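Let's take a friendly walk through a protein model. Have the sequence and the 3D view open, and we will go from one feature to the next.

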Amino acid sequence: QVQLVESGGGLVQAGGSLRLSCAASERTFNTYAMGWFRQAPGKEREFVSTISWSGATTYYSDSVKGRFTISRDNAKNTLYLQMNSLKPEDTAVYYCVARQGGTTRNRNDYDYWGQGTQVTVSS
């Protein structure tokens, strides 16, 4: 069982930056594809970004491409999401996810989810 714990959320003004972190309990972290999803109030949970086990392959949603960067440090069992040029529409609970296998944008393909961290962007 993989446990994922997110941190780094908070309140920031539009145009600002935040970096989310996700610490994984699994010692075989480097065999898992990882990703981030988010859910705003009254909306469905949506894909943000994903990264392969090696970090060589990454994908982003169109809404965050060019502003967000996903990365991982397998030596530290940690996933990151650097968020720049934040907009009020980025306000959501952000979830860290993991799966054994390749990257995917489909939330149903991820076996493990963190508890989420709130990101609020004020205008």
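What is the handedness of the link of Cys22 and Cys96 about the S-S bond? The link is left-handed, with -75° about that bond. Before going further, a word on the source: this is a predicted model, in which local features need pLDDT of at least 70 and side-chain atom pairs count only at pLDDT 80 or more, while totals for chains, interfaces and linings use all residues. Residues are numbered from 1 along each chain as its sequence is written, and side-chain values use heavy atoms, with hydrogens and water left out.

**The disulfide**

A disulfide is a covalent bond between the sulfur atoms of two cysteines; here the term stands for a pair of cysteine sulfur atoms within 2.5 Å. The structure holds one disulfide, and it joins Cys22 to Cys96 with an S to S distance of 2.1 Å. Cys22 lies in strand S3 (residues 18–24) and Cys96 in strand S9 (residues 92–100), so the pair ties together parts that are 74 residues apart in sequence. Strands here are DSSP runs (E, at least two residues), numbered from the N terminus. Both Cys22 and Cys96 are buried, where buried means under 20% relative accessible area, exposed over 50%, and partly exposed in between (1.4 Å probe, protein chains only).

Side chains alternate along strand S11 (residues 117–122). Two strands pair if DSSP finds at least two bridges between them. Strand S2 (residues 10–13) runs parallel to S11 and is joined to it by four bridges, with Val12 opposite Val121. S9 and S11 run antiparallel and share three bridges; here Val93 has Gln118 as its bridge partner.

**Aromatic rings**

The structure holds five aromatic pairs. Rings of Phe, Tyr and Trp (its six-membered ring) pair if their centres lie within 6.5 Å; planes under 30 degrees apart count as stacked, over 60 as edge-to-face and the rest as tilted. Two of the pairs involve Phe37:

| Pair | Centre to centre | Between planes | Type |
|---|---|---|---|
| Phe37 and Tyr110 | 5.6 Å | 70° | edge-to-face |
| Phe37 and Trp113 | 5.3 Å | 50° | tilted |

Phe37 lies in strand S4 (residues 32–39) and Tyr110 in the loop between S9 and strand S10 (112–113), 73 residues apart. Trp113 is in strand S10, so its pair with Phe37 ties together parts that are 76 residues apart in sequence. Phe37 is buried at 1% relative accessible area, and Tyr110 is buried at 5%, while Trp113 is partly exposed at 29%. Ring pairs link Phe37, Phe47, Tyr95, Tyr110 and Trp113 into a cluster.

A charge sits over a ring if NZ of Lys or CZ of Arg is within 6 Å of the ring centre and within 35 degrees of the ring normal. The charged end of Arg45 sits over the ring of Tyr95, 3.9 Å from its centre, and that of Arg72 sits over the ring of Phe29, 4.5 Å from its centre.

**The nonpolar core**

A nonpolar core is a set of buried Ala, Val, Leu, Ile, Met, Phe, Trp, Tyr and Cys residues joined through side-chain atoms within 4.5 Å. The largest one has 28 residues, of which Met34, Trp36, Leu81, Met83 and Tyr94 touch the most other members. Strands that each supply at least two residues of this core include S3, S4, S9 and S11.
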